[in-house]
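Here are my notes on this one, written for someone new to reading structures. Have the model open and follow along point by point.

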Amino acid sequence: MTTNSTPTLFDDALARTGMIAILRGVRPTEVEAIGAALYESGFRLIEVPLNSPQPLDSIATLRRTLPADCLVGAGTVLQPQQVEQVASVGGQLIVMPHSDPAVIGAAKRAGLYCAPGVATVTEAFAALAAGADVLKMFPAEQLGPTVVKAWRAVIAPSIALLPVGGITPQGMAVFRQAGASGFGLGSALYTPGLSADEVRQRAQAFVAAWAA
């Protein structure tokens with residue numbers, strides 16, 4: 001068991017800005033500058049999807065260069081064995097597009113936080129029973145704020161609901177009013193080829209919308 005998974009650390013990171021930066025397609029040669037831009041803008045949760053170029057190298061770089069109050073991990077984690085690979089380079093967070101209990105269990109045994117993807121209430125409660133720390137509501141475009149509100153009526157307020165997919169600064173307020181605890185941010189925040197300054201500008205727009 002690693003010492004990464006302390007509830008206060010994750011809760012503090014989520015409370016700080018409430019948004020997970022998804023750096024799909026980022027390269028190890030550019031990730032340090034982009035991670036710094038995100039951190040300086042207020043982000044405290046960053047994931048590198050495993051279908052990015054050399055994702056483990058990028059995760060290792062982020063963990064080495066960012067302060068300890070910023071949690072770093074992997075997205076698009078599909079297999080239990082990938083969890084150990086992420087942990088071996090200092091990753092602390094496992095984000096999944098699905099809710100395979102074998103992957104959730106591997107994350108918890110490794111001492112990592114886990115955010116499985118769920119699209120139904122049945123999947124949500126099964127993921128929680130398997131040890132999920134938060135619930136990634138995916139895809140948010142399909143589920144929408146109405147579903148968030150319905151889920152919030154039966155899922156305890158202490159469980160974070162994080163819509164992911166198609167979230168923009170302008171679209172956040174309606175989800176938060178419905179009961180969303182935070183968000184996962186993909187292409188509206190980062191797409192391959194953006195410079196660190198461009199990512200910073202987008203990050204600041206999201207942080208401003210969050211604060212509003």
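1. Let's start inside: the largest cavity has a volume of about 50 Å³. With a cut-off of 30 Å³ or more, the count comes to one cavity. A cavity here is a set of points, on a 1 Å grid over the protein atoms alone, where a 1.4 Å probe fits but cannot get out. Grid points are joined across faces, edges and corners, and a volume is the space filled by probe spheres set on the points.

2. Before going on, two ground rules. This is a predicted model, where local features need pLDDT of at least 70 and side-chain atom pairs count only at pLDDT 80 or more, while totals for chains, interfaces and linings use all residues. Residues are numbered from 1 along each chain as its sequence is written, and side-chain values use heavy atoms, with hydrogens and water left out.

3. Who lines that largest cavity? Ile-20, Ile-22, Glu-47, Val-95, Ala-115, Lys-136, Leu-162, Val-164 and Gly-184 do, lining residues being those with an atom within 4 Å of a point. They divide into six nonpolar, one polar and two charged.

4. Now the largest pocket, which holds about 270 Å³ of space. A pocket is an open set of points with protein on both sides within 12 Å along at least five of seven lines. This one is lined by 17 residues, and Ile-22, Arg-24, Val-164, Gly-186 and Ser-187 lie nearest its centre. Its lining divides into seven nonpolar, seven polar and three charged residues.

5. On to the sheet: six strands form an open, parallel sheet in the order E5-E4-E3-E2-E1-E9. Its edge strands, E5 (113–115) and E9 (183–185), each pair on one side only. Strands (E, at least two residues) and helices (H or I, at least four) are DSSP runs numbered from the N terminus, and two strands pair if DSSP finds at least two bridges between them.

6. E1 pairs with E9 in the parallel sense over three bridges, and Ile-20 has Gly-184 in E9 as its bridge partner. Three bridges also join E1 to E2 (residues 45–49), again running parallel, and there Ile-22 has Glu-47 as its partner. Both faces of E1 are covered, with Met-19 and Ala-21 on one side and Ile-20 and Ile-22 on the other, all buried (under 20% relative accessible area, 1.4 Å probe, protein chains only).

7. Most residues other than glycine have a negative phi, and most peptide bonds are trans. Yet the bond from Phe-138 to Pro-139 is cis, with omega near 0°; Pro-139 is in the loop between E7 (135–137) and H7 (140–152). Gln-54 has a positive phi near 45° and sits in the loop between E2 and H3 (55–65). Thr-76 also has a positive phi, near 50°, in the loop between E3 (71–75) and H4 (80–88). Is Thr-76 buried or exposed? Thr-76 is buried, with a relative accessible area of 18%.

Terms used: Ala, Val, Leu, Ile, Met, Phe, Trp, Tyr, Cys and Pro count as nonpolar, Asp, Glu, Lys and Arg as charged, and the others, Gly among them, as polar. Buried means under 20% relative accessible area, exposed over 50%, partly exposed in between (1.4 Å probe, protein chains only).
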